[in-house]
Amino acid sequence: MGKQVATSCQTNSKPPSWHLLTVVAVVLHQILASVPPINRKLAYGMLSFALLTKQHNPASLMQFSFIEDYIRDSDFALKKPVTLLAANECSQRLDRVRKRIHGVCKGLLSLRHRFFLGNEVTRKIGPLQDTVVFTHRSIVEFLESEAVRQTMKPELQHFEPVDAHFQTYLALLKNIDLPRRYFFKGYRHRGTLLVHCLGFEVLSLAKDLKDRILLYRDLGMKGGSKRLCHSLDVLHHTILSIPGNLARTTFSLTQNVICQPADLPLLLCAELSIFEYISHVVEISPNSTTKCIDLCVGSFYWSKSSTAVSKAFKTLETLFIRGGSPEEISPLTKPSTFYILLFHWFAVLHATPYLPLLAFMLYQGVNPRFTIIFSRTKYEITDIPGYRDFFKACCTIDRPSLGVIQKMERMRIGSLAARADSRLCELLSAHDHKLDLRTSVHIWFPDYGKILQEVIDWILDLGVLVDVDRRSQLQSKFGDHLRPLFDEQHPSFIGFDPSQTLESPIDMLNLMFLEPKRKEEHN
């Protein structure tokens, strides 16, 4: 069938009769067959590129302008110096690629205007204003058919869409004078749903780079991790070379992570579990390592497959091997993502404590002084049918003060309401209305609670944060018991199961939606 289509394209004969042939498919076949042989490599490359980006953010017209450069030399962006184009040069380049798209792609691709959020909402961003999209969704279905793929394959032997997407983006950064705020926005934005509904887009280096690393992670590329690592190195140095003192300004990537634009390749690879790049980077500062660990721990919230969890653990292990610590060196100002996860396991309905991550963090000496403190007074809530008697509760972290033995700093993470059923009342009576991590691990994991409690007791008895020497002692003492819980290379490994479910003895709701009334004291 593929040979039939190829022959038809070359001779302009009647199209082959593939399955469920429609009038639209016949027309599209004729359009594809009308592309002159001299233009097929560029036309098929552009169509293949558009197919890759259709499920993500469509690529800008300016990025499309570099596809022809990539076809001539796939390393062109890696070799290219940072040389920002003048406004008239940008306009000429856009005019040229616009004509090329309409000419060689025969109307299969079209342009769509877009507007950006922030200072860019009310004005158009010249070089990034237009994006390239398919003229109709039927074109996507046509190009994704096996017969058409086989037709295009000979012309695309040396065209790698994922790599082309990265290299043309790198060329864009090296040539286009982008708005300064482009480099100083995170990839999350308040009101993102509203922004999307209004047709605006967030202009952000972090978001664009994350999309491209995700494509590599999910689809791979020729040259594998070695090619990606080299490209990310060049991108890092490109950001440092862009005029405007980008290396001296920081921005908030997430609630916990403040960084510079040049830090993004490393931080995003940590979050997306690209452990090969973490190993590849020659030097990582302690501050950067802490940020990477925080982002990587957060990825466990989204990891729903054993493969994703395995890569996340490899990334975490690489970071700790390179000198990472589960504790921040600076004074306690915000809870790390690990403690946010603990809070989530308690506070969110159907959230599941994840044994491998908890065991791994204890193995690294994480501070286990996480506690939920419950009120002794019961409160009555009439707003929700079936939910009446509640205890108020707040989650806290205590941490030994830096340089001061036995002195603790306390941080409050959040407030909750816990339904006062008989099981919880009995539990709180036995534990003085406090549930700490030591008690909780035995409730969550009865089969492994004893060893987890022994590790927690050992850390608590130190009275200080676990440093490198003490971590080595901890791992020597408890490694044989902890490693089977998270190390897939261990002969007694229990396995990763991100979909596991556990029954919590605590039924909690967020207090901000409730108006409890005081009812009675509980002993």
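**Reading burial, rings and packing**

Mentor: Start with S288. Its relative accessible area is 15%, so S288 counts as buried. Keep in mind that the model is predicted.

Trainee: Why does a value of 15% make S288 buried?

Mentor: Buried means under 20% relative accessible area. S288 is at 15%, so it counts as buried.

Trainee: Where does S288 lie, and which residues does S288 touch, leaving out those up to four places away in sequence?

Mentor: S288 lies in helix α16. With those sequence neighbours left out, S288 touches L266 and L267.

Trainee: Now the whole chain. How many helices and strands are there?

Mentor: The chain has 23 helices and twelve strands. Of its 523 residues, 53% count as buried. Among contacts with a separation of 6 or more, 72% join residues 24 or more positions apart.

Trainee: Which residues have the most contacts inside the largest nonpolar core?

Mentor: M46, F64, L109, F370 and L452 do, in a core of 150 residues. Helix α3 supplies the largest share of this core, nine residues. Take M46 as an example. Beyond four places in sequence, M46 touches F64, I67, V97, I101, V104, C105 and L109.

Trainee: How do I read an aromatic pair? How many does a search of the whole structure find?

Mentor: The search finds 16. Read the centre distance, then the angle between the planes. F49 and F64 have centres 5.0 Å apart and planes at 75 degrees, an edge-to-face pair. This pair links distant parts of the chain, with F49 in helix α3 (residues 37-53) and F64 in helix α4 (residues 61-64), 15 residues apart.

Trainee: Are F49 and F64 buried or exposed?

Mentor: F49 is buried, at a relative accessible area of 0%. F64 is also at 0%, so F64 counts as buried.

Trainee: Why is the pair of F300 and F313 edge-to-face?

Mentor: Planes over 60 degrees apart count as edge-to-face. The planes of F300 and F313 are at 70 degrees, with ring centres 4.9 Å apart, so this pair is edge-to-face. F300 is in the loop between α16 (286-298) and α17 (306-321), while F313 is in helix α17, 13 residues away.

Trainee: Which charged residues sit over the rings of Y169 and Y379?

Mentor: R212 lies over the face of Y169, 4.2 Å from the ring centre. K392 has its charged end over the ring of Y379, 4.7 Å from the centre.

Trainee: How do helices α19 and α23 pack?

Mentor: Read the angle and the axis distance. Helix α19 (residues 355-363) and helix α23 (residues 468-482) pack at about 145 degrees, with axes 9 Å apart. From α19, the contact uses A359, L362 and Y363; from α23, R471, L474, Q475, G479 and L482. Five of these residues are nonpolar, two polar and one charged.

Trainee: Last, backbone angles. What is the phi of S273, and what is that of D432?

Mentor: S273 is not a glycine, yet its phi is positive, about 65 degrees. D432, also a residue other than glycine, has a positive phi near 55 degrees. S273 is in the loop between α14 (264-271) and α15 (275-280). D432 is in the loop between α20 (422-430) and β10 (434-436). Then compare accessibility. S273 is at 7% and counts as buried, whereas D432 is at 45% and counts as partly exposed.

Terms used. Residues numbered from 1 in each chain as written. Predicted model: local features only at pLDDT ≥ 70, side-chain atom pairs only at ≥ 80, totals over all residues. Heavy atoms only, no water. Phe/Tyr/Trp six-rings, centres within 6.5 Å; stacked < 30°, edge-to-face > 60°. Helix = DSSP H or I, 4+ residues; strand = E, 2+ residues; numbered from the N terminus. Buried < 20%, exposed > 50% of the residue type's maximum accessible area, 1.4 Å probe, protein only. Lys NZ or Arg CZ within 6 Å of the ring centre and 35° of its normal. Axes fitted to C-alpha atoms, helices over the stretch in contact; angles between N-to-C directions. Contact = heavy atoms within 4.5 Å. Nonpolar A, V, L, I, M, F, W, Y, C, P; charged D, E, K, R; others polar. Core = buried A, V, L, I, M, F, W, Y, C linked by side-chain atoms within 4.5 Å.
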